Amino acid sequence: MGCSALIDAILNTYLEMDWIAAFASSLSVLIAVTLAYLAFLIVFAIVGRISRLSEIPADDLLVKRIRQPIKWSFIAIGISIAEQYDPVLHEVWEPVAVFVRPALLGWIAYNVVRALTAAMELRMNTYENPVAVRSRRTRIAVLSRIATFAIILITIGLMLFAIPTVRSIGTTMLASAGLAALAIGAAAQPALKSLIAGIQVALTEPMRIGDLVKIDGQAGRVEEIRMSFVTVRTWDERVLVVPTSRFLESTFENWSRLNEALTGTVFLHLDPITEIAPIRAEFERYVETHEHFDQRNMGMAVTATYPESIELRMVVSSQTIADLWTLRCDLREHMMAWLREEMPDALIRHRLELPNGRAKAGER
């Protein structure tokens, strides 16, 4: 056998050995994935049966949320076990696994937070106090977003630190921690400010989801509270986007901080010759019979006088802001109709008097 023939035989042997090793690795992966998937099905069949026996709705939500990430985690664990006995698979899988492991852990943690959030929101449906519901919904919304942000940040950090270049940069930054902290603090100041503002809103609760607030002359319901901004929907369906820190740094009105019971006013401007007693009697009679009056506050007083008019202020109260608005509108409409029918002279009329008007007309 010649030298060239011997070299060809050796090369063919090595090529055949590589092909066999690749086939063996592929077979190992297939077996590992199959066994891992079967183990996942068995485990989740048991867990699903246990959750169905439980009377707590959070169990079903948690199982449903983590099913997909756990399935892929089982598969990743199966491949990791198989690569311990296969050098070729080890060389291929290990560089990928350093990214897959933190990604799967982050996915599981993210879904657990979502499941717990959904379970707590479902539990709030049993509460009768609307203020307590708004308070808990606000804390859940803000804290869940903070937890989600932290999970994503840590997951991305772990994945990036698996890259040797990024790890070396991180080591260098840790060596000069003072300068790095200053640089990061200066660059991340807006994000940190928003994060701290979100935590303060969740803990101190100056406003909650569902509260009726007034800021910059605009009133509306708080729809969403995020770490960086708050959305307020006005009565005409416009959406105000207000920085979260704004609610901590400036004054705003919260009309439903403790409850929605409010007192409102209705003003009437009448002729100075108007008799007040009949109007007061009709006002009290109508308000007492109105379905939205809560028996807390009711009164009428002349609050201002002018050369051509007087101002009557009527005070009423209701249990909710919507009921108060309806009561005020109904009261205003009723009193104007009653005045037109019963006391038309009370309505303001502009008069023009001409001294000696008849004499001048006769001169013509």
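This is a predicted model: local features need pLDDT of at least 70, side-chain atom pairs count only at pLDDT 80 or more; totals for chains, interfaces and linings use all residues.

Biologist: Which residues of helix 10 are buried?

Modeller: They are I321, L324, L327, L331, M335, W338 and L339.

Biologist: What makes you say that the buried residues of helix 10 line one face?

Modeller: Look down the helix axis: the buried residues fall within an arc of 115 degrees, so they line one face of helix 10. The face turned away from that buried side carries exposed residues, namely W325, E333, R340 and E341.

Biologist: And what do the buried residues of helix 10 pack against?

Modeller: Strand 1 (212–215), strand 2 (218–225), strand 6 (262–270), helix 9 (276–289) and strand 8 (310–318).

Biologist: How do you know that the length of helix 10 agrees with its residue count?

Modeller: Helix 10 has 22 residues, 321–342, and at 1.5 Å a residue they should span 32 Å. The C-alpha atoms at its ends are 31 Å apart, which agrees.

Biologist: Now the strands. What makes strand 1 and strand 2 a pair?

Modeller: Two strands need at least two bridges between them to pair. Strand 1 and strand 2 have 4 bridges, in the antiparallel sense, so by that cut-off they pair. For a landmark, K214 stands opposite A219 in strand 2. The two strands form a hairpin with 2 residues between them, and D216 in the turn has a positive phi of about 55 degrees.

Biologist: What about strand 2 and strand 3?

Modeller: Those are antiparallel over 5 bridges, with R221 opposite R233 in strand 3. A hairpin of 3 residues joins them.

Biologist: In what order do the 5 strands form the open sheet?

Modeller: The order is 4-3-2-1-5, with antiparallel pairing.

Biologist: And why are strand 4 and strand 5 called edge strands?

Modeller: Strand 4 (239–243) and strand 5 (253–254) each pair on one side only.

Biologist: Let's move to the aromatics. Why are Y37 and F40 called a tilted pair?

Modeller: Ring centres must lie within 6.5 Å to pair, and planes between the stacked limit of 30 degrees and the edge-to-face limit of 60 count as tilted. Y37 and F40 are 6.0 Å centre to centre with 35 degrees between the planes, so they are a tilted pair. They are 3 residues apart in helix 1 (residues 3–53), which puts about one helical turn between them.

Biologist: Is F40 buried or exposed?

Modeller: F40 has 2% relative accessibility, so it counts as buried. Y37, at 37%, is partly exposed.

Biologist: What makes F40 and F44 a tilted pair?

Modeller: Their ring centres are 4.9 Å apart and their planes are at 45 degrees, so that pair is tilted. Both residues lie in helix 1, 4 residues apart, and both are buried.

Biologist: Which residues form the aromatic cluster?

Modeller: Y37, F40, F44 and F74 form one cluster.

Note on methods. Residues are numbered from 1 along each chain as its sequence is written. Side-chain values use heavy atoms; hydrogens and water are left out. The expected span of a helix is 1.5 Å times one less than its number of residues. Buried means under 20% relative accessible area, exposed over 50%, partly exposed in between (1.4 Å probe, protein chains only). The arc is that of the directions from the helix axis to the C-beta atoms. Contact means heavy atoms within 4.5 Å.
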